Amino acid sequence: MASVAEHENHAAYARAGAVSVIADVAIYGSLTEAETVWRGMETPDHLHTSFQRFDFLNAWQSHAGAHLNTKPFIVVASDREGRPLMLLPLGTARENGVTIARFLGGKHPTFNMGLWRRDFAASACKADIDTILAAIAAHCDRIDLLALAQQPQRWDGILNPLMLLAHQPSANACPLLPMPADAVPEDIISSGFRRRIRAKEKKLKVLPGYRFFVARTDEDIARALDSFFAIKPLRMAAQNLPNVFAEAGIETFVRTACLARVSGEDRAIMIHALECDDEVIAMFAGVADGNRISMMFNTYTMSENAKYSPGLILLRNIIDHYAALGYRAFDIGIGTDEYKLQFCKGNEPIFDSFIPLSARGRLAALGMSSLNHAKRMVKQNPALMSMANRLRAALHR
């Protein structure tokens, strides 16, 4: 059952000239309880990223979150007519004696965000956010800390209402490629870069059955994922990096989300690939919403075909595909890898908030905030970043 908390103390806000329009806040302990409201907010009238779709996060919680002992904590704020204004897809876990609420999805979403009714998102004030915080703080689960990481400052031109909370820049940036409506392909990817990629692709085009495709059928999806889960461990081991896809429940989460239909032939996670008759040469999966395509995970062949930069060829095909469909933005996920910067010259500003709700939460918030600040300093210093990468590789040998 949902626990409902009403915030009726508007006097303090009225004195400041701001009164919350939120009439009640419901907190659900399962995704199933919130499903009807949640799916009703996945419309153009609401602001959200594809990483917060019900099918994406339900797959993660069912197969990965459960292994992490994450308990769903879905916060829904409504107006006086009972219309949902906002949904925060959170989950709680006990960490070092502190109960922490985070966005669901673990390491896999590039962006974390609530689902907001557009008009409310555009006009939300501090009183509204405080109303939501008061309900969370009053809940019987006794949350000590909200650790809300990797949030976009703006989405679809609207300021993220959670920017009204105390916040700091995230440790990592997200490279971004705008795709203006009136742009020709050479405006999005330069003609010089295109020529270099075409020269490489000529070597692959002679392979029997060579093609670029977006996986639309269950069979195509299964074939691409079978290749991914066979190759990815080898690629990670070659780089002395841990294979996060080997963690409990992750493969099932990925397969479930890739098969979940969200509209027509589109899936919660879309797979794009290059293949020939002999193998899947490269694959890259991401989420798409009709306006923005955000890439998530990728790999490429261990065969001789790898020397022709199939990853770059695949990305060129993906960008051109979505530009032709009228998409306006493309990103390749968190991080400053060289291949990302070859395509994406700008950055999506993202932020973190660590909001304490108890004395223990204040200590934890201070520690997390300081650690994130230190990570950001390291990542902005090439010498320190190189040292950190060498140490990480050494630890995983």
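A residue counts as buried when its relative accessible area is under 20%, as exposed when the value is over 50%, and as partly exposed in between. The exercises below apply this to a predicted model.

**Exercise 1.** Find where His108 lies, whether His108 is buried or exposed, and which residues it touches.

Solution. 
Step 1. His108 is found in the loop between strand E6 (98-103) and strand E7 (115-117).
Step 2. The relative accessibility of His108 is 13%, so this residue counts as buried.
Step 3. Leaving aside residues up to four places away in sequence, His108 touches Phe51, Trp60, Ile250, Phe253 and Met296.

**Exercise 2.** Class the partners in the salt bridges Lys340–Asp337 and Arg83–Glu81, then name the network that includes Arg83 and Glu81.

Solution. 
Step 1. In the bridge between Lys340 and Asp337, the closest N and O atoms are 3.4 Å apart.
Step 2. Lys340, at 5% relative accessibility, is buried, whereas Asp337, at 38%, is partly exposed.
Step 3. Within it, the side chains of Arg83 and Glu81 meet at 3.5 Å, N to O.
Step 4. Arg83 is partly exposed at 43%, and Glu81 is exposed at 59%.
Step 5. The total count of salt bridges is 28.

**Exercise 3.** Compare the radius of gyration of the chain with that of a compact globule, and describe the chain as a whole.

Solution. 
Step 1. For 397 residues, a compact globule would have a radius of gyration near 21 Å; the chain has 22 Å, which agrees.
Step 2. Along the principal axes, the C-alpha atoms fill a box of roughly 70 × 45 × 35 Å.
Step 3. The chain contains 13 helices and 21 strands, and 49% of its 397 residues are buried.
Step 4. Among contacts with a separation of 6 or more, 73% come from residues 24 or more positions apart.

Technical notes: Residues are numbered from 1 along each chain as its sequence is written. This is a predicted model: local features need pLDDT of at least 70, side-chain atom pairs count only at pLDDT 80 or more; totals for chains, interfaces and linings use all residues. Side-chain values use heavy atoms; hydrogens and water are left out. Helices (H or I, at least four residues) and strands (E, at least two) are DSSP runs, numbered from the N terminus. The radius of gyration is taken over C-alpha atoms; the globule rule is 2.2 Å times the number of residues to the power 0.38. Buried means under 20% relative accessible area, exposed over 50%, partly exposed in between (1.4 Å probe, protein chains only). Contact means heavy atoms within 4.5 Å. A salt bridge is a side-chain nitrogen of Lys or Arg within 4 Å of a carboxyl oxygen of Asp or Glu.
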